[in-house]
Amino acid sequence: MPHDHSHAHLDPESGDRRVSIAIWANALLTVAQIVGGIFAGSLALIADALHNFSDMASLVIAFVARKIARRPADSTMTFGYGRIEIVAALINYTTLILVGFYLIYEGGMRMIDPPEVRGWTVVILGGIALIIDALTAGLTYSMQKGSVNIRALFLHNLSDALASVAVIIGGTLILLYDLRWVDPAITIGIALYILYLALTEIGGPIRTLMLGNPPEIDSDAVVQAMRETEGVRDVHHVHLWQMQEHEVALDCHVVLNDLSWESIEAVKAEIKRRLKDDFGISHSSLEFEDERNSHRDAELYGHG
């Protein structure tokens, strides 16, 4: 099956401006929510503020990662710096998980002894937070489709917007019915949603950093396509991994039959064409062996 690895790219400088705006907006919102949460006695508001603070930190990490990732390869980083965005995404998802567990703990403590909460402060600041969260999510929406780094940010901001809606609902219920237990209950709900988002998304960056093959590419199908190339007897020592988020690489040993050794360049060109056209693998390193002098009992995958 052919795989489409093309992505719409936003101008880097324009993308940087968007992230910068989002950083400042979240910084101001975080300060306002913490002050307001302490004044109102609302853990839900403080929980939302902590989530926004983690967003701000994530935005800063993503902003720096975007800058570093554009540096060209050099003698110390021969694959380039693109993987820094994968590292940034992993840091951001890990932060989300830690924040989620902390909020569950704090919410549980507040459920035991719900404090008095100033409902109007919660509703007003929750409304301001919703506007800024929606703005930040909008700024990163078009950028997240082609970047796991920015996708981590977008999910941060999307969960923030939903959390702000929950905070507003909680403040309204406190105003109307004095249901003080609603505030920590909403906090726990926000935390569970944060954990769900983080735990379902963190596997991608981990897989990439572990040099796993791209999940959309079937390694066995790649091997079969190479084996079916005319002149190829077998392949072994196959390594298939993502160098960067959208750059897939392969290296392997290719065993040629005796009749094909004279046409090695033609065989190599055909294998590379198949890899690129059928699987989107544009970077491949192939080592050729003739069948009489090939490795015996070599592993198909890995280098054992």
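View 1. At 43% relative accessibility, Asp277 is partly exposed, a label for residues between the buried class (under 20% relative accessible area) and the exposed class (over 50%), worked out with a 1.4 Å probe on protein chains only. This is a predicted model, so local features need pLDDT of at least 70 and side-chain atom pairs pLDDT 80 or more, while totals for chains, interfaces and linings use all residues. Residues are numbered from 1 along each chain as its sequence is written, and side-chain values use heavy atoms, with hydrogens and water left out. Asp277 makes a salt bridge with Arg273, and their closest N and O atoms are 3.2 Å apart. For the term salt bridge, look for a side-chain nitrogen of Lys or Arg within 4 Å of a carboxyl oxygen of Asp or Glu. Why do these two line up? Helices here are DSSP runs (H or I, at least four residues), and strands are E runs of at least two, numbered from the N terminus.

**View 2. Arg273 also pairs with Glu270.** The closest N and O atoms of this salt bridge are 2.8 Å apart. Glu270 and Arg273 sit three residues apart in helix H9, so about one helical turn separates them. Arg273 is partly exposed at 39% relative accessible area, and Glu270 is partly exposed too, at 25%.

**View 3. Lys268 and Glu265 form another salt bridge.** Their closest N and O atoms are 3.4 Å apart. Both belong to helix H9 (residues 264-279), where a gap of three residues leaves them about one helical turn apart. Lys268 is partly exposed at 25% relative accessibility, whereas Glu265 is exposed, at 53%. Across the whole structure, the search turns up six salt bridges.

**View 4. Arg71 meets the ring of Tyr81.** Here the charged end of Arg71 sits over the Tyr81 ring, 4.4 Å from its centre. To count, NZ of Lys or CZ of Arg has to be within 6 Å of the ring centre and within 35 degrees of the ring normal.
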